[in-house]
2 protein chains.
Amino acid sequence: MRTIRIILMGFGNVGHGLIDIIREKKGILAKQYGLALKVIAVIGSRYAIVEEDGIDLEKLGGCDKHSKGILQYAGNVSEISSSKNLLDRLEGDVLVEASPTNIETGEPGFSHIHDALCKGMDVVVLSKGALVQYSKELWDTARLKGGRIKISGATAAALPTIDMAQYNLAGNDIYKIQGVLNGTTNYILTRMHREGISFTEALQEAKEKDIAEANPKLDIGGFDTAAKLLILANNIFGTSLRLKDVDIEGIENITKEDIAEAIKANKTIKLVGEAVKETYNLRLRVAPLALESNNILTRADYKDKAVVFYTDLMGNISIIGGGSDPRAAAAAALKDIINLYKI
Amino acid sequence: MRTIRIILMGFGNVGHGLIDIIREKKGILAKQYGLALKVIAVIGSRYAIVEEDGIDLEKLGGCDKHSKGILQYAGNVSEISSSKNLLDRLEGDVLVEASPTNIETGEPGFSHIHDALCKGMDVVVLSKGALVQYSKELWDTARLKGGRIKISGATAAALPTIDMAQYNLAGNDIYKIQGVLNGTTNYILTRMHREGISFTEALQEAKEKDIAEANPKLDIGGFDTAAKLLILANNIFGTSLRLKDVDIEGIENITKEDIAEAIKANKTIKLVGEAVKETYNLRLRVAPLALESNNILTRADYKDKAVVFYTDLMGNISIIGGGSDPRAAAAAALKDIINLYKI
């Protein structure tokens with residue numbers, strides 16, 4: 001049995017979900033993978049729990065998420081002054097970075113990941129920001145320090161995109177990737193197609209159902225799709241492209257008429273993220289495309305995601321589906337931990 | 001750079017394809033995975049090439065397949081008396097087993113794999129027979145000897161089914177698997193659906209196009225699907241089930257009328273292999289099922305394959321597509337070699 005000491009950064013939906021899953025899966029983790037996962041710290045934005053002998057996951061799972069839950073578990077803890085200082089004095093094997101993400105600054109994720117790598121830890125990343133802004137820096141640091149970075153939870157969560165490219169398709173030349181990578185926009189477009197409603201109506205509905213955020217600009221403007229595409233592309237193709245290198249067009253201007261026209265032509269409009277290898281270039285773009293009905297991406301409905309990999313040896317391979325809830329994202333992190341350490 | 005010594009058993013379409021791919025991918029294998037693949041022996045049913053310093057892949061790639069190609073490469077070699085004796089005196093890292101398969105006897109694959117494991121080698125398996133007949137024996141031997149067995153090429157070749165379950169979905173409870181796993185029957189059913197032709201007509205057409213074999217019993221009777229399902233199930237669920245444990249119904253009795261009725265109900269008939277976890281049992285069956293049009297398996301047309309994994313944490317994840325030519329199967333073996341040894 002191998003004991004792995006986990007430091008969890010962030011205790012929102014996904015962080016809390018991970019705590020639950022690690023507890024529920026204890027038996028399987030031991031039996032099937034030879035792993036005992038010991039969470040030695042949970043670090044929120046204001047408070048932290050540190051227990052080097054392992055946090056009581058049953059108890060923590062019964063607490064709320066965010067600062068409130070940490071306080072419920074730990075009673076009267078003092079506010080943390082700096083997560084860096086805290087991280088510095090902890091001895092863990094892997095950092096799970098699940099802080100709130102900011103794809104414009106990459107923080108606080110970048111500092112967390114960088115600090116952990118510098119301490120010789122491995123990192124499992126769920127938040128996109130650092131990977132969008134500092135991909136090259138992080139991989140350079142990992143190489144230098146001998147640490148490993150796993151990013152399943154930061155690309156399409158439960159849909160295994162990066163594993164697919166790096167493990168299942170190892171040895172292939174992947175010359176194109178096309179994906180429906182954002183659940184919110186896909187929900188909106190699906191509703192527009194099925195019900196003939198307008199973009200504004202569909203967006204309103206998505207907000208009411210908590211599918212779209214109050215400020216949905218990142219989703220409907222195509223930026224979330226672009227961020228996921230960029231992370232995938234930089235990791236699969238070894239490039240160091242930036243968000244500014246992605247041609248981005250959102251779905252704000254898709255009209256009822258556009259949809260009606262697509263339907264008449266037996267097509268479906270999807271917001272597609274696309275990476276295409278050109279002779280001297282990797283071209284990245286996000287745009288609403290009218291896809292032929294035999295394109296497998298048209299089968300991703302509502303909050304579903306889907307990706308098609310075009311390869312030289314194995315033909316075209318598509319993956320589709322995957323839960324889109326925080327628990328599914330947490331499961332992607334657990335998967336990464338297993339694949340890093342399983343015996 | 002890590003040098004891996006490969007012994008290739010079988011020099012048919014797939015074996016020859018692997019030789020080609022290893023040669024073509026030399027640069028990528030070195031640069032991306034730190035691997036130098038050295039083929040030290042190619043063992044056919046009657047003749048063999050042994051070159052401990054590495055066979056000239058350029059030259060061998062230019063030769064025919066089968067015994068004829070081996071003789072073209074090696075000139076006047078004497079017939080081999082026993083591949084076991086030959087294997088015994090070779091020092092390799094990995095055996096690639098690509099001999100003609102016999103799912104009733106499991107030979108000659110079983111002897112090859114067993115002998116290689118006993119010598120402390122790893123094995124990459126492309127032929128199904130041994131895995132269908134001797135799954136438990138092989139895994140027991142591997143455990144005892146510390147060898148590893150990879151089987152991507154033996155389940156759905158280019159479609160990464162086993163990797164999906166064991167790597168991409170690690171930590172999940174997979175409680176059901178449904179797949180369209182046989183290209184020949186799927187071609188026949190697709191033609192019957194699209195053209196309204198009879199089973200006999202569609203089969204005849206498949207034979208003329210070299211999609212169906214002269215004796216297509218294994219395919220149309222559902223046995224090939226059952227063999228793949230069994231290999232998947234035993235490896236994913238850790239069971240030791242046998243072919244006799246699979247309920248098998250083929251597509252021989254599907255009539256034009258069955259198809260017409262399915263179309264009227266907006267359904268599609270597919271030959272489905274299904275593994276379902278029950279409380280005290282794993283139920284395996286192969287049967288033609290009329291699937292609802294929203295079932296993703298209905299999107300696997302002609303020679304396409306598809307598999308849906310039902311999981312507790314990540315929802316339903318489907319994979320679809322993948323080349324079905326010998327080169328794609330060879331690529332599955334190369335992928336396994338990379339994942340065994342990459343640096």
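Predicted model: local features only at pLDDT ≥ 70, side-chain atom pairs only at ≥ 80, totals over all residues.

User: What makes A:Lys25 and B:Asp312 a salt bridge?

Analyst: The cut-off is 4 Å between a side-chain nitrogen of Lys or Arg and a carboxyl oxygen of Asp or Glu. The side chains of A:Lys25 and B:Asp312 come to 2.6 Å, N to O, so the pair qualifies under that 4 Å rule. Across the interface of chain B and chain A, the rule finds two salt bridges.

User: Which elements of chain B supply at least two residues each to the side that touches chain A?

Analyst: Those are α9 (161-168), β12 (316-321) and α15 (326-341) of chain B. The top contributor is α15(B), with seven residues. Sorted by class, that side of chain B has 18 nonpolar, 15 polar and nine charged residues.

User: How many residues are in contact, and how much area is buried between chain B and chain A?

Analyst: With contact meaning heavy atoms within 4.5 Å, 42 residues of chain B touch 42 residues of chain A. The area buried between the two chains is about 3300 Å², and carbon and sulfur atoms give 55% of that. In chain B, the residues that lose the most area to chain A are B:Tyr167, B:Arg299 and B:Leu313, together 24% of what that side buries.

User: How do you know how the two copies are related?

Analyst: Chain B can be laid on chain A by a turn of 180 degrees with a shift of 0.0 Å along the axis, and the RMSD is 0.0 Å. The copies are thus related as by a two-fold rotation axis. In chain B, the residue that comes closest to that axis is B:Ile319, its C-alpha at 2.2 Å.

User: And why do you say the copies meet through the same surface?

Analyst: Because 100% of the interface residues of chain B are also interface residues in chain A.

User: What makes β12 of chain A and β12(B) a strand pair?

Analyst: Two strands pair if DSSP finds at least two bridges between them. β12 (residues 316-321) of chain A and β12(B) have five, in the antiparallel sense, so they pass the two-bridge mark.

User: Within chain A, why are β3 and β6 called edge strands?

Analyst: Start with the open sheet of six strands, ordered β3-β2-β1-β4-β5-β6 in chain A, with mixed pairing. β3 (48-50) and β6 (149-150) each have a single partner strand, so one side of each is left without a neighbour in the sheet.

User: What joins β4 to β5 in chain A?

Analyst: Four bridges join β4 (residues 94-97) to β5 (residues 122-125), and the two run parallel. A:Val96, for instance, stands opposite A:Val124 in β5(A).

User: Which strands of chain A pair with β10(A), and in what sense?

Analyst: β8 (residues 246-248) pairs with β10 (residues 281-292) in the parallel sense over three bridges, and A:Val246 has A:Leu284 as its bridge partner. β9 (residues 267-278) pairs with β10(A) in the antiparallel sense over 12 bridges, with A:Lys270 opposite A:Leu289. β9(A) and β10(A) also form a hairpin with two residues between them.

Note on methods:
Residues numbered from 1 in each chain as written. Chains lettered and ligands numbered in written order. Heavy atoms only, no water. Buried area = accessible area lost by both parts, 1.4 Å probe. Nonpolar A, V, L, I, M, F, W, Y, C, P; charged D, E, K, R; others polar. Least-squares fit on C-alpha atoms with pLDDT ≥ 70 in both.
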